[in-house]
Amino acid sequence: MSKKLSLDNTFKLYEEALGLIPGAILGIRRPSNFVEGEYPIFFETAKGGKVVDVDGNEYIDMLCAYGPIIIGHREEEIDNAVINQIREKGFCMSLTQSVQNTLAKKLQELIPCAEKMVFVKMGSDATTSAVRVARSYTNRIKILRCGYHGWHDWCVEQKGGIPEKLYEDVIEFEYNNLEHIKHLMSQHGDDVAAIILTPINHPGGHEVEMPKNGFLEGVREITEEYGSLLIYDEIRTGFRVAMGGHQQKSGVIPDLSAFGKAMANGYPIGVLAGKQEFMDELVDKVFLSSTFFPNSLAQIAALKTIEIMERENVLGKINEKGTKFAKVIKEHIEESEVPCVFTGEPWMPYITFKRDAKNLYKKLREEFYRQLIRRKVFLQPFHHGYICYRHTTEDLEYAAEMIAESLNECKRLMK
Ligand SMILES: Cc1ncc(COP(=O)(O)O)c(C=O)c1O
C-alpha cells in the first residue's frame, strides 16, 4: 500500500486562498475535481513532462495543463524566442506587430478551412466569436451545440448570473446521433445559424468518443441543406490530432473553426479561422477587439512551437508513444478484471469506470486515482489526460506500471 503524500504546504496555501479567492481556486482546478485530501492543489515548477508541487513531490504530468503543453514544460527554444521578443522588440503596443501576418500565413498552410483568421487570447474568445460571425452572416439566431465550448454566456453549463434569453436559442444535440440532429433541424433548421461541435467527443467524466463513420460527413450535409454554418471547436484536437486539426485528418472541412490550447505550448492564444466568405463578416459587421489580442508573445511562441513540431515530427512521435501506451494499459485493464475502460488513444488517454446500479464505480474511480497520485502520476478522475513530446519512454513505462499497481489495489473493493 502506498502512503498518502505529504501535502502540508498545499493545504496551508489552500486555507490562505480561501480568504482571498472565492472558492480558493477557479473552476476545473478546484480540489473537488480530484480526490480531495490526496491531490496537491498548488504546483511550483514544471519541466519537460514533469511537475513539482509546493511540497516538493514530483509527478509525471499527464494532464499537461489541460492541453496546452504539447512539447513540454519550459521548452527552452520557445521560451528563448519569447524572451528575445521581450528584450529586443517588445510585445504590447498601440499598433499590431508584423508577426501577426507571419503566423497567419503559416496557419493558412496548415489548417484546411483557414482562408482567413483572427487572433484572440482564449478558446472561449474563439468559439464565441465563431458563433457571432455565424449569426451575423446568416441573420439567424439559433445554434445547435454539443460539448464544452468555454465559459461564455451562450454555452456555459452553470447558469448562475446568466439571463435565460442569452442561451434560450442554443440547443444541445447528442454526439454521433445524426437522427437527433435531423430531428432538431426539421423543427428549427430555418432559424439555425450554425452547428458547433468538437470533432471528437470528450465530455467530462465520460469516455472519449471518436466520430462514427459518416457522422461528420452527415453533419456537413445537413448544414448545407439548411444553409447553416458548420463550426468545429478544435480547441483540444488542433495541433494534437494533426497540425491542421481533426479536419485535416478526416477531410471534412467546416466553415469556421476555433483553435487554442496546444498551438503555443502554453502561451495564451486562440484563433478563429475560416472561409473568407464568412470571416469577412469581421470586416465591418462583427466587432472583435481587445487590448491584449494583438499582444505578440503568444504569436511568437506559436510560430516556434509549430516550427519544432514540424521539424521533429512531434505529432508522429506522440502518436507512436500514445499507441504503445494505450496497448499496454488495455492489457493491464484486461488482466486486472477491474470494470473500467481505456479511451482517447493515442492523443487523449483516459481510464473511466463502468457505471453500475450500486455506484461501485465511484468508489473504484476514487480508489484508482488515489493510488495513482500516491505513486506520483498526475491524471484527473473527471478529465482525459494528454501525452507530450517530452514524456520519455521511461516516463510512460513508469506511468503504465503505476496504473497496473493502482488497478490491482482496486481489486480489494470488488471482493
Ligand atoms: C473543446 C473546448 N472548447 C473551448 C474551450 C475553452 O477554452 P479556454 O478555456 O481557453 O477559454 C475549451 C477549454 O477547455 C475546450 O476544451
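**Hairpins, ligand and cysteines**

Modeller: Strands S2 and S3 form a hairpin with four residues between them, and Gly56 in the turn has a positive phi of about 85 degrees. Strands here are DSSP runs (E, at least two residues) and helices are DSSP runs too (H or I, at least four residues), both numbered from the N terminus. This is a predicted model, in which local features need pLDDT of at least 70 and side-chain atom pairs count only at pLDDT 80 or more, while totals for chains, interfaces and linings use all residues. Residues are numbered from 1 along each chain as its sequence is written, and side-chain values use heavy atoms, with hydrogens and water left out.

Biologist: Which residue of S3 does Val51 stand opposite?

Modeller: S2 and S3 run antiparallel and are joined by three bridges; two strands count as paired if DSSP finds at least two bridges between them. Val51, in turn, stands opposite Tyr59.

Biologist: Which residue in S2 is the bridge partner of Thr45?

Modeller: Strand S1 (residues 43-47) and S2 run antiparallel, with four bridges joining them. Their hairpin has two residues between the strands, and Gly48 takes a positive phi near 60 degrees there. The partner of Thr45 in S2 is Val52.

Biologist: Which residues make up the covered face of S2?

Modeller: In a regular strand the side chains alternate between the two faces of the sheet. In S2 (residues 50-53), Lys50 and Val52 form the uncovered face. The covered face is formed by Val51 and Asp53.

Biologist: Which strands stand at the edges of the sheet?

Modeller: The sheet is open, has four strands in the order S1-S2-S3-S13, and shows mixed pairing. Each edge strand has a single partner strand, so one side of each is left without a neighbour in the sheet. The edge strands are S1 and S13 (377-378).

Biologist: How much of the ligand's accessible area does the protein cover?

Modeller: The residues around the ligand include Ser124, Asp233 and Arg236, where being near means having a heavy atom within 4 Å. A polar side-chain atom of Ser124 lies 2.6 Å from a ligand oxygen atom, and one of Arg236 lies 2.6 Å from an oxygen atom of the ligand; a polar contact is a pair of N or O atoms within 3.5 Å. On its own the ligand has 390 Å² of accessible area (Shrake-Rupley method, 1.4 Å probe). The protein covers 83% of it.

Biologist: How far from Cys388 is the nearest cysteine sulfur?

Modeller: A search of the whole structure finds zero disulfides, a disulfide being a pair of cysteine sulfur atoms within 2.5 Å. Cys388 is in no disulfide, and the nearest cysteine sulfur belongs to Cys64, at a distance of 4.4 Å.

Biologist: Is Cys388 buried or exposed?

Modeller: Buried means under 20% relative accessible area, exposed over 50%, and partly exposed in between (1.4 Å probe, protein chains only). Cys92 counts as partly exposed because its relative accessibility is 47%. Cys388 has a relative accessible area of 1%, and therefore Cys388 is buried.

Note on methods
Polar contact = N/O pair within 3.5 Å; in protein donor to acceptor, adjacent residues only side chain to side chain.
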